[in-house]
Amino acid sequence: MTLDTISKLVNAYGFWILLLFVALDNIGIPGYPGGFTIYLMGAMCKLNLLNVFTAIVVGVVAASVVMLIMYWFAYKLEDLSNNKLSKNKNFNKIYEKVKNIIKKYGGVGIVLLRLIPTVRVFSSVILGFLKTDYKQYVVYTVLGNILYTAYSLGIGYFCTSLFV
């Protein structure tokens, strides 16, 4: 997806399309080239196609809503999901990594998890399995998403030549 394509879609559908793309980035759908939407939004900010404040709000809201839904889903379906996922070696590695980060750093660990590619997608599910305190999870997830969105927008802003 190119910068021009996203600009045309935003003109046609408004910011709802950006919310959708950022949400899809955060779900971790196999085959979906996730992780680029916020960088592209940063480039759009540099080219005055998008307001920085709007980009931050879109990025934080979309990521936070998706991650809260993933947490809730895992929290409610722990036994069914945990049994199926426990057979996956890659998932087990990420599970142990997340568990150790939370054990060592507590709430700050949730913020750190939001900054690690790949792990950020699965961390909400794992934190749901671990029955992490919901209020703590929400506060630190939103804070982590603010940081992630800000630095991703910054990368897109300063590396606009990669997207144009």
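The questions below ask how labels in this predicted model follow from their definitions. Local features need pLDDT of at least 70, side-chain atom pairs count only at pLDDT 80 or more, and totals for chains, interfaces and linings use all residues. Residues are numbered from 1 along each chain as its sequence is written, and side-chain values use heavy atoms, without hydrogens and water.

Q: Why is Tyr71 called buried?
A: Buried means under 20% relative accessible area, exposed over 50%, and partly exposed in between (1.4 Å probe, protein chains only). Tyr71 has 2% relative accessibility, so Tyr71 counts as buried.

Q: Why is Tyr134 called partly exposed?
A: The relative accessible area of Tyr134 is 45%. That value lies between 20% and 50%, so the label is partly exposed.

Q: Why is the pair of Tyr157 and Phe158 called edge-to-face?
A: The ring centres of Tyr157 and Phe158 are 5.1 Å apart, and the planes stand at 75 degrees. That angle is over 60, so the pair is edge-to-face.

Q: Why is Phe158 called exposed?
A: Phe158 has a relative accessible area of 67%, which is over 50%, so Phe158 is exposed. Tyr157, at 31%, is partly exposed.

Q: Which residues form one aromatic cluster?
A: Tyr71, Tyr75, Tyr134 and Tyr137 form it. By the ring rule, the count comes to 5 aromatic pairs.

Q: What places Lys131 over the face of Tyr75?
A: A charge sits over a ring if NZ of Lys or CZ of Arg is within 6 Å of the ring centre and within 35 degrees of the ring normal. Lys131 lies over the face of Tyr75, at 3.8 Å from the ring centre. Arg120 lies over the face of Tyr148, at 3.6 Å.

Q: How many disulfides does a search of the whole structure find?
A: A disulfide is a pair of cysteine sulfur atoms within 2.5 Å. The search finds 0. Cys45 is buried at 6% relative accessibility, and Cys159 is partly exposed at 27%.

Notes:
Phe/Tyr/Trp six-rings, centres within 6.5 Å; stacked < 30°, edge-to-face > 60°.
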